[in-house]
Amino acid sequence: MESSIFRYILRYTLKDQILILILTVLSLPFLYATLEVPKLIINDAIGGANVPDNLFGYPVDQLTYLLVLCLTFLVLVIVNGGMKYVLNVYRGVVGERMLRRLRFDLFSRILRFPVPHFKKVSQGEVIPIITAETEPLGGFIGEAFALPAFQGGILLTYLFFIFNQDVLLGIVATALYPFQLYIIPKLQRKVNALGKERVLAARKLGDRIGDSISGIQEVHANDTSHFERAVISQRLGLIYKIRFEIYKKKFFIKFLNNFLAQVTPFFFYLFGGYYIIQGELSLGALVAVLAAYKDLSSPWKELLKFYQTKEDVRIKYEQIIDQFQPQSMLDTKLQESPPLELDANRGGWEGTNVYYEEQGIGQVDRLSFKLDLNTHSAIVGIGSSGKEELGQLLARLITPTQGRLSLAGMDMRNLPESVIGKYVAYVGANAHHFSGSIRDNLIYSLRHRPIEERDSPERQQEISSAKLSGNSIDDPDANWVDEEALDLAAEQTLTAHIHRVLAQSDLNNDLFQLGLLGTLADHHQQQHLEEQVLKAREMIHKQLQEGAYKGLVELFDWNKYNTNLTVLENILFSPGKRTGFDRNKLAGNEQLQAFLDKQGLLEDFLVIGREITEIMVDLFSDIDENSDLFERFSFISADELPAYAELLKQTKDRKIGKEEKEICEKLLSLTFQLSTARHRLGLIDEILQKRILQARSALVEEIASSDLKLEFFDSYRYNSDLNLQDNMLFGKMVYGQARAEEKVTALIHQVVTELGLEEGIIEVGLDYDVGTSGMRLSSVQRQKLAIARALVKKPEVLILNEATSGFDPAAETRMLVSLRDALEGRGLVYITSRAVQAKNFDNIIVLEKGRLMEQGTYEHLSQNGKVLPQMLG
């Protein structure tokens, strides 16, 4: 990137800057005219001194002349304002395009940073640079040349006008400029130095905040929140101190400018008044000069402000460029080059005296080796053996500091990423997953280049805008998956390929479980799966009436009160996930309270709520507030217990009125939680259950005439608010039944298998959102998904760099057996510290302290080697 912000601007917007300058120059005559015409109006038209007999051949009198000049002034104001508007919009467009280009360029450079650089620079430092620190640059870019030209032109126009009225007044108007031009840059340089300190301090603050968020578990586990707040407080204090110094100097500059601007009119009044009294200057000229000087201060202030902004932006740009120019950046050509064919017949990896160091510390020490592409090799080492770095070297994530490493006869330093991306798959111990679904993360490895573009007027407009801003014109919403490049069998679809990979990476069961907990919203097989789920429900319900399953589940029946549901759930009789309100806040909902009152239930529910309060206060008053008994058995939390005890006193021996909103909400919230089967308090008898059922029916009519949307439980329909498992079960587990959940889950799995629903449910599981960095998945699931993502692109060789470190030994063994079968005839490089897992590999490399200690088969090294037998114990 250009070292100077002005060079960067001219490189991409030279034509725009010239056009803006031309428009600026063209606007100046109109500006001058807006100063001259008011003088003519005062002296000639109003004063009557020089009223012409005719204008353009038409006779005029004094009134007509006044009208013409006033209309001329109005036209000039409109033209001047219009030109300013056009210039401002044009400058804004140019600035925003350049800001978009700059941000894109910076992000593109991030994609070329050497991987080890991210060990020294955190997200907290880099992200704010692109999102926040570049923001002021956008406004400046559009006016980098136009604003000084425009404001300078205005200033010169005003000065020319003032000098044209009287030279002495012109000298008075400019007398203090030299002093300002001398003192302000000196002060500004001090502000600039503080500005640099502020930027660096802000980055360090962002870095520490990001560090605290990443280590939030450690903060909680080690009780270090006080220390973290102290660190942030200290850094905030440093920023405050710097900004305070900046404010003092900036406002002193502002004070100085304002003071000098107010002193000058004193001289105008003195000398101008003298000249008028002597008859050497007209009153209209002095008024015009005063008006011009009043307007003169605006461009002068704008120029001074521009100078301050320029210096601030210059510093920001230089610091940004410095941050985005690390050593050993990836060559742009290696990312942009079209895919090349890799000739596997020319051999695999060949390393000659490969040496790699980080921050001056050698990690890989003069390795010379060969690895075939189509064999299964294990690289074994303990601790800082250099095995992980060697894995990264093989994947070209890092490059040798010295020596040569080639792949199929080609120097890996010169291999385009398109070759690595197509033929080599790499999975590390902490593979990243992007926000989105499991499916999105699986096919991420296939998104090399767009295959089919959208074609629409909107898309053409997007392309045009991207070109003008120097951005990528590729469409992220296009089809990026090249199924032909995968060379799938004729009868195999991408979906079938994905399911095969899921089986190979042991993800089927995980996705099956996630699918059962998923919904069918907008799923491509929605109708078919709904029908199958209803069949499963019918089969499950039939089984639940027989043998070992009888009495384990209380089914949802519109005409029956479900004793295993709460009071609120029995009234709503719906999952209620799309109602637009929070269930936990329904006790305070005035519409619901009014409905209960109308059904004659409100008073009863308040009485029950008070009885529950008495029981809870009586049982838990003497229990330690930190006891888990509150969470397990109490309707009321330890924090709220005193408030409910006070409520009992307030409502003793009196009826609670429905207008007492706060008390009603508290008591209703307790009644709503009551489950007859679980709590067994005897507060909901059969008569009250029937009245609740009547209220349930009345609620249907109430909902139909309101804006609320509830999908009620219907045993003959699929409920879109429930997940698949709950739709199949369509009931509530009976409280207190031993192993009920285990037995019912097994029944669901049995029925699903009979109906052949596994693949459909797995498809639903593929839509599961993994969350930020895949954190909604377990660590083992994340590693499995990363392996599956690598397999999806059918690489020639798969590198597993401690990718199964989170597995237990048995699971790791199963995974390796599966992968060796899946990659038969292709390459597998397995990097591990568990030497015993290398047993079935064709070739083993043993590393120690960055050096190759021995290489050969497992049988040979385990018997004749020196290092491997020690690692095996």
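Modeller: Start with Arg820, which lies over the face of Phe841, 5.3 Å from the ring centre. A charge counts as sitting over a ring if NZ of Lys or CZ of Arg is within 6 Å of the ring centre and within 35 degrees of the ring normal. This is a predicted model, in which local features need pLDDT of at least 70 and side-chain atom pairs count only at pLDDT 80 or more, while totals for chains, interfaces and linings use all residues. Residues are numbered from 1 along each chain as its sequence is written, and side-chain values use heavy atoms, with hydrogens and water left out.

Now the rings themselves. There are 20 aromatic pairs in the structure (rings of Phe, Tyr and Trp, the last by its six-membered ring, with centres within 6.5 Å; planes under 30 degrees apart are stacked, over 60 edge-to-face, the rest tilted). One of these pairs joins Trp558 to Phe712: the centres are 5.7 Å apart and the planes stand at 85°, an edge-to-face arrangement. The two residues are 154 apart, so this pair links distant parts of the chain. Trp558 is in the loop between strand S11 (553–555) and helix H19 (567–572), and Phe712 is in the loop between helix H26 (686–704) and helix H27 (724–729) (helices, H or I of at least four residues, and strands, E of at least two, are DSSP runs numbered from the N terminus).

Trp558 is partly exposed, because its relative accessibility is 27%. Phe712 is buried, because its value is 18% (buried is under 20% relative accessible area, exposed over 50%, partly exposed in between, with a 1.4 Å probe and protein chains only).

Tyr830 and Phe841 make a stacked pair, because their planes are at 10° and their ring centres 5.4 Å apart. Tyr830 belongs to strand S14 (residues 827–832) and Phe841 to the loop between S14 and strand S15 (843–848), so this pair ties together parts 11 residues apart in sequence. Both Tyr830 and Phe841 are buried. Phe841 is also the ring under Arg820, where we began.

Trp558 has a charged neighbour too: the charged end of Arg696 sits over its ring, 5.6 Å from the centre. Finally, Trp558 and Phe712 belong to one aromatic cluster, together with Phe556, Phe573, Phe713 and Phe730.
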